[in-house]
Each structure stands twice: as structure tokens, then as C-alpha cells.
Amino acid sequence: DGAGTRLARDLLRASGGKAGNVAVIIRRLGGEVRLVGCVGDDDLAVQALAGPRADGVETTSVCRIKCATGFASIHVAGDGEKTIVLTPNANDEWPLEPNRVARTVTAAPTASVLVADVEIPPAIVVASARAARDAGMRVVLDPAPPERVPETLLGLVDHLTPDHREAEALTGIDARSRDGARRAAEALRARGVAAVSVKLDGGGCVVACNGGLETIEAPEVRAVDTTGAGDAFAGALAWAVASGCGQAEAAAWGVTASAYAVQTYGSQAAYPTLDELTRLRATVDAPSPP
């Protein structure tokens, strides 16, 4: 309806960022986490790292450069849906060569899980994923933004976690419906991804994996803010994978964490402890055929 001034009700300034959010929820669920990233030399860098550090995340592999820290302005509507304007800043200005970052990944314990997204240079992600796979680790990828996902990366991914918009961007298939999500998940599996969880609008997901196609329904909750819900999904899924869960069961933990997170404003502040998540997980039905 054109440009103009719109009034908002509240302002919340908090730690965030995909990697930071994933690190916090995994740590809150009891996992050991090393955060690999890049921040600037401004006050936002302190804020960005404050949340992960408060939860005990290892941040010595986060480099700091003379640049502005990545920043996202998130506008949350009354129904909990969000609009994000992202300025990558330091996230796109990594001073390290991809192979140096890959060596940091390789130094992690063998049973580790690498969780990545592409809000950083894709070359860094590809090198890290290849190093993780060569070391026998599993790789979880949040393909956001999807236009930055190189084809070579898909074959290195064990678990891909697109929402329906990202799935459509990657495949050309309208993934808003369950049938569309199923077809998009199968198409991504055919391109080399071991397991694909297409997150459905409104919660839940369709999983295509070694066990076939399954649908996971979300528990009924009152959504006030969907900010960070996708990061909660990826983080809880990765924690479940590291804990020995199968592909569909890991996705069920992701669905549960995402549902838990939308009940509170913000991202990291909305993430559960293991006890809190386990109680909600008990209300989620076992995966079923779509």
C-alpha cells in the first residue's frame, strides 16, 4: 500500500544470528558447542556474543574484524509472522581462507555434527562441510538464503532443513502444501541430500529420508513470534542426531523446538531447556506417512 510511517508497539534488542541461535539451543539441551563465526569491532559484536557466552558456548573460534557486525531488523506482526531485513556486514567479510576454517572443523571430536547456513560466504561452508564429511561427521544445513546454496554443497549434506519458500527456491516446486513439500523433499534427496525436512507453514514438517516419506505434526501452541523458530529446528535436530536419533526422530525434535520457540518474543530467550523440550515432545505424535 505504498511507503509511509508505521507505528510499532515494542522494541526488543537481543543477541541473535543463525549460528548464535543454533549454538544456544544446542547448549541449552546439554550439548557441547563451538561457535565458528565473524563479528565486527562495534558494540553489536559484544551483544551478538553475549547470549552464547552466557549459555556456555565456546566462542574462541569467532574472529573479530574492523567492520560492522551483522545486523537483522525483524518486524513481527500481530499473528507472530515476521519480516526480516538482514545486513550481513562481517558475516560476508571473513578474513580467513576456507581451508583454515575447515581445519577448525576437523579439530572437533569425531562424533560432532556441523551445523551451517549460507549467510556467510558459500566457499567457507563448502570447505567446512567437505572437511566434516571427510572426518566422519554429520552435516546439517539450513539453506538460507537459498540463492547462495551451490549445487556442490547439497551432496555433502546429511540433513537439509528448508522452509517451504526455500524448498521452492531450490527446486522450483511450490512446497506450501503437504504434497508439494513431499515432492520438493524427494527432488532434493535426488540431488544427493541424505535427509530433507521441509518445514510446513504453520508448523510441522515433511521428511524424506532413508525410511521413506513421513509427516510430523506440530503440537498446538499459541504463536506470538516466529523469530528464531527455524534456528531452533536446526539446532534441536542436530542435537538429536548427535544423541543417536534416527533421521525422522531427529526432525520430530526439531519440530518440537520450533513450536516451543514461537510462544515467546525473541529467539534465544525463547529456547527451552531439555526438560522443557521433553515435556512438549511427549505431546508430538510419532512420524507418520504423509
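**Entry 1: helix α7**

I looked up what the buried residues of α7 pack against, and found α5 (151-154), β7 (159-160), α6 (164-171), β8 (195-199) and β9 (205-209). I took helices as DSSP runs of H or I with at least four residues, and strands as runs of E with at least two, numbered from the N terminus. Contact here means heavy atoms within 4.5 Å. The model is a predicted one, in which local features need pLDDT of at least 70, side-chain atom pairs count only at pLDDT 80 or more, and totals for chains, interfaces and linings use all residues. Residues are numbered from 1 along each chain as its sequence is written, and side-chain values use heavy atoms, with hydrogens and water left out.

I then listed the buried residues of α7 themselves: Gly180, Ala181, Ala184, Ala185 and Leu188. They lie on the same side of α7, because they cover an arc of only 135° around the axis. The arc is that of the directions from the helix axis to the C-beta atoms. For burial I used relative accessible area: buried is under 20%, exposed is over 50%, and partly exposed is in between (1.4 Å probe, protein chains only).

After α7 comes Gly192, with a positive phi near 115°.

**Entry 2: Arg178**

Arg178 is in helix α7. I noted a relative accessible area of 41%, so Arg178 is partly exposed. Not counting residues up to four places away in sequence, Arg178 touches Leu200, Val206, Thr215 and Glu217. I also looked up Asp201, which is 23 residues from Arg178 in sequence and 9.6 Å away in space, C-alpha to C-alpha.

**Entry 3: helix α6**

In α6 I found His164, Glu166, Ala167 and Leu170 buried. Seen down the axis of α6, these buried residues fall within an arc of 160°, so they line one face of the helix. Arg165 and Ala169 are exposed on the other side of α6. The cover over the buried residues of α6 includes β6, β7, α7 and β8.

I placed Val140 in strand β6 (residues 138-142). Val140 has 0% relative accessibility and therefore counts as buried. Leaving aside neighbours within four places in sequence, I found Val140 in contact with Val113, Leu114, Val115, Ala116, His159, Thr161, Ala234, Leu237 and Ala238. Val196 is 56 residues from Val140 along the chain, and their C-alpha atoms are separated by 9.8 Å.

Pro145 is in the loop between β6 and α5. I noted a cis peptide bond between Ala144 and Pro145, with omega about -5°.

**Entry 4: helices α8 and α9**

I looked at how α8 (residues 229-242) and α9 (residues 247-261) meet: their axes come within 7 Å and cross at roughly 145°. Axes are lines fitted to C-alpha atoms, for helices over the stretch in contact, and angles run from 0 to 180 degrees between N-to-C directions. On the α8 side the contact residues include Ala229, Phe233, Leu237 and Trp239, and on the α9 side they include Trp253, Gly254, Val255 and Ser258. By type, the residues of this contact divide into 14 nonpolar, two polar and no charged. Nonpolar covers Ala, Val, Leu, Ile, Met, Phe, Trp, Tyr, Cys and Pro; charged covers Asp, Glu, Lys and Arg; the others, Gly among them, are polar.

**Entry 5: helix α2**

Buried in α2 are Ala45, Gln47, Ala48, Leu49, Gly51 and Pro52. They pack against α1 (18-28), β1 (34-39) and β2 (58-64). Gly56 follows α2 and has a positive phi near 90°.

Asn89 is not a glycine, yet I found its phi positive, about 50°. Asn89 lies in the loop between β4 (82-87) and α3 (98-106), and counts as partly exposed at 24% relative accessibility.

Ser128 is in helix α4 (residues 122-134) and counts as buried at 7% relative accessibility. Leaving aside neighbours within four places in sequence, I found Ser128 in contact with Val101, Ala102, Val105 and Leu114.
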